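Trainee: I am new to this structure and would like a close look at a single part of it. Please take one residue and then set it in its surroundings.

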Amino acid sequence: MITVKNTGHIFSPGTPNAITALRDVNLQLNKGDFVVVLGSNGSGKSTLLNAIAGVIIPDQGQVIIDGNDVSDLKDFQRSKWIARVFQDPLAGTAADLSILDNLRLASIRTQTKNLNFGINDKFKSQVADAVSVLQLGLENKLNQPVGTLSGGQRQALTLLMAVMDNASVLLMDEPTAALDPATAARIMQLADNLVKKHNLTAMLVTHSLKDAVKYGNRIIMMKEGAVFKEWDKATCKEVTIEELITYYE
Amino acid sequence: MDFYTAALLQGLGYAAMGLGIFISLKIFNIPDITTDGSYTLGGVITAVGLVSGWHPLLTLLFVISGGVLAGIATGLIHTKLKVNSLLAGILVMTALYSVNLGIMGRPNIPLINVNSIFDLLPASESINMELIVFLLTVLLLVAALYYLLHTDFGIAMRATGNSERMVRAMGINTGVMMITGLALANGLTAISGFLLVQYQGFADINMGIGIVISGLASVMIGEAIAKMFNSNNILLQLVLVVAGSILFRLILAGALSSGLNPNYLKLVTASLVLVVLVLTKFKRSRS
């Protein structure tokens with residue numbers, strides 16, 4: 001569960017370029033929530049997601065995850081609770097490292113990385129099983145550098161990596177924006193399956209209204225750094241793409 | 001002694017520095033100029049320590065600590081003060097010149113009648129003690145790095161140069177990782193200073209000028225050969241850095257023995273590095 005309290009943030013404060021990216025945002029995300037955040041460019045969607053992830057530490061307000069006040073923790077310290085998927089499909093994996101190495105890091109996301117050898121036979125077969133779920137044939141390429149895979153394959157791996165170690169929150173920032181439609185659909189389906197299977201709190205920033213109505217069980221529309229309109233679990237089922245689109249104007 | 005044996009020994013001696021550059025350049029994408037200073041620092045501490053009668057291994061401990069501190073300084077300036085990594089290296093290298101001069105008290109210290117690393121094993125006429133010591137050191141370092149880079153910590157370190165966002169999302173403090181990497185790299189570089197000073201028999205304040213280029217050359221030659229094998233194997237890459245270091249010294253020795261004016265050595269060195277750099281670039285874009 002995540003609580004965002006009275007959160008506000010200004011970029012380049014005190015300069016002519018000052019931008020109020022978030023103004024007094026209050027939000028509560030519960031377990032099992034699949035929250036889709038919509039809004040035009042510059043409305044503060046990504047800033048909100050980054051404030052929760054700890055990439056930016058907001059000027060004011062609090063972020064509380066599962067009862068822990070994480071407001072002052074940096075992104076790598078919040079990874080104990082939060083797994084992330086980026087807009088750039090190549091950003092979520094390390095290109096020069098093998099699939100095995102990448103998944104090893106993901107499997108100890110919440111733990112310290114010490115001088116142990118984590119990649120043993122047991123781990124290898126575990127990874128082969130996990131990867132085979134993706135049905136991309138990657139289970140036979142475990143020692144291959146991830147850089148040799150396609151963007152879609154790497155984004156699928158990133159999603160898989162997100163749930164390898166005790167995730168409770170999954171933050172996705174336009175995860176399919178750089179992918180072709182068929183791959184994008186597969187990635188979203190995979191994300192939805194994983195969120196349900198692991199009972200995660202998920203937050204998806206997207207411009208795809210189709211994905212919003214298909215996967216979201218809550219929808220938030222942002223405007224000028226504030227939550228402008230919200231559809232809860234009940235109203236979310238009724239809302240249509242046509243209705244959503246009117247709020248962009 | 002044979003010209004080429006000397007080149008082989010130098011190549012092995014500089015291999016530690018090559019391995020250090022492998023970490024800073026290949027893993028963190030930082031061409032770390034601190035190297036010039038930390039190499040000399042290693043040599044300077046060696047000379048002062050051995051002349052003062054310290055045990056060579058105790059001296060080595062101080063040498064590594066010195067290099068590690070130099071790397072930490074560059075790392076802190078880069079990550080905490082947000083100074084460009086190249087500039088951070090230049091700053092620390094420049095500062096180290098004074099530090100080195102301060103430690104030595106004069107610009108040059110000859111090693112006469114000191115107990116060096118070559119005296120640790122019982123001497124024998126039939127074996128080349130320098131070769132054995134250098135080989136053993138390089139072997140140990142390659143094995144240690146191979147081990148380190150395969151641990152969970154090592155995987156995290158290798159990932160850091162790839163995607164900072166991913167690594168932070170995996171709960172890794174990229175700043176600390178970078179400082180650790182630079183510390184390790186410069187600790188290795190200082191070991192080269194330690195070996196070479198005992199091999200050549202003196203420490204000189206100017207011994208490190210432009211030395212970083214030798215390290216870059218060995219890494220790049222190694223990389224060029226690795227491309228031929230089309231392999232991502234870490235052990236192979238480490239071994240090829242050592243091979244690159246030896247090859248580079250052999251090329252220089254070859255150039256000198258074929259009548260190259262030693263004044264042009266650095267010019268040839270820089271050109272050689274440029275050629276290898278461009279060659280590997282073209283290969284990369286094709287693949």
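Mentor: Glu224(A) is partly exposed, because 14 other C-beta atoms lie within 10 Å, a count between the 12 or fewer of an exposed residue and the 20 or more of a buried one. The model is a predicted one. Glu224(A) sits in the loop between strand 9 (218–223) and strand 10 (226–231) of chain A. Its phi is positive, about 45°, although Glu224(A) is not a glycine. Most residues other than glycine have a negative phi.

With 11 other C-beta atoms within 10 Å, Gln135(A) is exposed.

Chain A has 9 helices and 10 strands. Its radius of gyration is 18 Å, close to the 18 Å that the globule rule gives for 249 residues, so chain A is as compact as a globular protein of that length. The C-alpha atoms fill a box of roughly 50 × 40 × 35 Å along the principal axes. Of the 249 residues of chain A, 43% count as buried. Among contacts in chain A between residues at least 6 apart in sequence, 69% join residues at least 24 apart.

Last, the partner chain. In chain A, 27 residues are in contact with 19 residues of chain B. Helix 2 (75–78) and helix 3 (99–107) are the elements of chain A that give two or more residues to this side, and helix 3 gives the most, with 4 residues. The residues on this side of chain A divide into 12 nonpolar, 7 polar and 8 charged.

Methods:
Residues are numbered from 1 along each chain as its sequence is written. Chains are lettered from A and ligands numbered from 1 in the order in which they are written. This is a predicted model: local features need pLDDT of at least 70, side-chain atom pairs count only at pLDDT 80 or more; totals for chains, interfaces and linings use all residues. Two residues are in contact if their C-beta atoms, placed from the backbone, lie within 7 Å. Ala, Val, Leu, Ile, Met, Phe, Trp, Tyr, Cys and Pro count as nonpolar, Asp, Glu, Lys and Arg as charged, and the others, Gly among them, as polar. The radius of gyration is taken over C-alpha atoms; the globule rule is 2.2 Å times the number of residues to the power 0.38.
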